[in-house]
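Please look over the sequence and the model shown here before reading on.

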Amino acid sequence: MSEANSLSGMEEIVAEPFWTPLALSQLKWFCLGFIAYVLAASFDYNKLREWAWFLYIVMIIALAGLFFTQQSHNVHRWYRIPGLCYVQPSEFAKLIVVIALSWYLEKQKNCCEELKTGLSASLIMGLPFVLILMQPDLGSALILLPITLVMFYFADIYPPLVKLMCGGLVLGTLLFSSILLGVIPHGKFKPIATKFMREYQYQRLSPKEYHHKQSAAAMAVGGVVGKGWRRGDFTTGGWLPAPQTDSVFPNFGEHFGFLGLIFLLSLFYMLLFYSFRVCTVAKDHFGQLLSTGVAVYLAMHILINIGMMCGLLPITGVPLILITYGGSSSIVTMTALGILQSVYSRRFMF
C-alpha cells in the first residue's frame with residue numbers, strides 16, 4: 001500500500017463522526033449488557049441451582065443446532081436473527097458450564113475425591129467442549145479447560161485426575177508456545193499436528209505468522225504515548241487484521257502507547273483482584289465454586305487474548321472482555337459480573 005493511499009485512508013477515518021455504526025452497535029450491546037448485569041446482580045445466585053440443568057440442556061441443544069444452520073465464514077458459530085443480530089452460543093456456553101459444574105460439584109461434595117465424580121464432572125464440560133471444537137472454535141473450547149481445572153482443584157476432585165489435567169494443559173501450552181517462538185521447528189511438527197487439527201489452524205503457530213507480526217509492529221510504533229486517537233497507521237491503513245475484534249489490544253496500544261496499555265492492564269488487574277476476592281468471602285460452597293469459575297472465565301479471556309497478540313499463543317479468536325466488539329461476549333461478560341456481585345452482596349445472608 002502506497003504512502004498516499006495510507007494517508008488518504010487515515011484522513012477518511014479521522015473525518016468520520018465519533019458515533020460510527022460500529023460504535024452505536026456496541027453501545028447498544030453495552031446497554032443490554034448493563035441490564036443483564038443489574039438483573040443478575042439482583043437475582044439470588046442460590047436459585048441458579050434450580051436452573052442449572054435446564055440451562056445446560058438448552059445450551060447443548062443450541063450448540064448442536066448450529067450444525068443444521070447455514071455456515072457463516074465457513075464455520076458453524078452463529079445463529080442469525082434476521083434484521084436484528086447474530087448470536088454466538090459458545091459464548092453463553094462458557095458461563096453455563098460454570099453454573100452446571102458448580103451445582104454438580106456442590107451436590108457431590110461428600111464424594112468429590114472419588115474417580116467417578118471427577119469423570120462425571122469432566123463429561124459435563126466435555127460434551128460442550130467437543131461441540132464447540134467441531135464448529136470449529138478452538139479458542140472458546142480451550143477456555144473451558146482451565147475453568148474446569150481450577151474448579152476441580154477448589155472442589156477437591158480426585159487428585160490424580162486434577163494432576164493429569166494440569167500436566168496436559170501445561171505441556172500443551174509449552175508445546176504451542178515453543179513452536180510460536182521457533183524453539184521447535186514449525187515445519188517438522190506439521191505432519192503430526194495436522195492429524196488432530198486443521199492445516200489453517202496449525203499455520204497460526206508459525207513464528208512468521210502475519211497476524212502476530214502486524215500486532216507486534218502496531219504496539220511497537222505506538223511508542224510510549226501512542227499515535228493519538230484514530231491516527232494509528234496500522235489500523236487506519238488496514239495493515240492490522242481485525243482491529244475491532246481479535247486485535248483490539250494492539251489497536252489500543254498503537255493509539256495510546258505503552259502508558260495506555262499499562263493503564264488498561266491496571267484496570268484488568270483490579271477487575272480480577274476483586275473478582276477472585278469474591279471467592280474468599282462467598283458464604284457457601286456453591287457460591288465459592290460459582291465465583292471461582294466466573295473469575296477464571298474473566299482471567300482466561302484477558303490472558304489468552306493478550307498472549308495471542310504478544311505472540312506467545314496462537315490466534316484463536318478469544319475476545320478481550322469489555323473491549324472487543326461483539327454482542328454475545330459483552331452480554332455474557334456483564335452477566336458474569338452480575339453473578340459475582342450477587343454472590344458478594346449476599347455474603348452476610350444466612
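**A walk through the model**

Thr324 touches Gln26, Gln244, Thr245, Val248, Pro319 and Ser330, leaving out residues up to four places away in sequence. The model is a predicted one. Thr324 sits in the loop that joins α13 to α14. Its relative accessible area is 7%, under the 20% limit, so Thr324 counts as buried. A polar atom of the Thr324 side chain is 2.7 Å from the backbone nitrogen of Leu320.

The axes of α4 and α14 are 8 Å apart, and the two helices pack at an angle of about 25°. Because this angle is under 35 degrees, α4 is roughly parallel to α14. On the α4 side the contact is made by Glu91, Phe92, Leu95 and Ile99, and on the α14 side by Ser328, Ser329, Ile331, Val332, Thr335, Ala336 and Ile339. Sorted by class, the residues of this contact are seven nonpolar, three polar and one charged.

Both of these helices also meet α3. The buried residues of α3 pack against α4 (89–107) and α14 (327–345), and also against β1 (79–81), α5 (115–133) and α13 (285–309). Which residues of α3 are buried? They are Leu48, Ala52, Tyr56, Met59, Ile60, Leu63 and Gly65. The length of α3 can be checked against its residue count. Helix α3 covers residues 48–65, which is 18 residues, and at 1.5 Å a residue it should span 26 Å. The C-alpha atoms at its ends are 24 Å apart, which agrees with that expectation.

Helix α13, one of the partners of α3, contains Gly293. Is Gly293 buried or exposed? Its relative accessibility is 0%, so Gly293 counts as buried. Beyond residues up to four places away in sequence, Gly293 touches Val98, Ile147 and Met151. The C-alpha atom of Gly293 is separated by 20 Å from that of Leu267, and these two residues are 26 residues apart along the chain.

Helix α12 (248–281) holds Phe252. With a relative accessible area of 23%, Phe252 is partly exposed, because this value lies between the limits of 20% and 50%. Setting aside neighbours within four places in sequence, Phe252 is in contact with Gly257, Gly260, Leu261 and Leu264. Phe252 and Val38 are 214 residues apart along the chain, and their C-alpha atoms are separated by 28 Å.

The remaining points concern backbone geometry in loops. Most residues other than glycine have a negative phi, and most peptide bonds are trans. Ala242 is not a glycine, yet has a positive phi of about 50°. Ala242 lies in the loop between α11 (233–236) and α12, and with a relative accessible area of 31% it is partly exposed. Asp156, also a residue other than glycine, has a positive phi near 60°. This residue is found in the loop between α6 and α7 (159–180).

Where does the chain carry a cis peptide bond? The bond from Gln135 to Pro136 is cis, with omega near -5°. Pro136 is placed in the loop between α5 and α6 (138–154).

Definitions and conventions:
Residues are numbered from 1 along each chain as its sequence is written. This is a predicted model: local features need pLDDT of at least 70, side-chain atom pairs count only at pLDDT 80 or more; totals for chains, interfaces and linings use all residues. Side-chain values use heavy atoms; hydrogens and water are left out. Helices (H or I, at least four residues) and strands (E, at least two) are DSSP runs, numbered from the N terminus. The expected span of a helix is 1.5 Å times one less than its number of residues. Buried means under 20% relative accessible area, exposed over 50%, partly exposed in between (1.4 Å probe, protein chains only). Contact means heavy atoms within 4.5 Å. A polar contact is a pair of N or O atoms within 3.5 Å; within protein, one must be able to donate a hydrogen and the other to accept it, and residues adjacent in sequence count only if both atoms are side-chain atoms. Axes are lines fitted to C-alpha atoms, for helices over the stretch in contact, and angles run from 0 to 180 degrees between N-to-C directions. Angles under 35 degrees count as roughly parallel, over 145 as roughly antiparallel, 65 to 115 as roughly perpendicular and the rest as oblique. Ala, Val, Leu, Ile, Met, Phe, Trp, Tyr, Cys and Pro count as nonpolar, Asp, Glu, Lys and Arg as charged, and the others, Gly among them, as polar.
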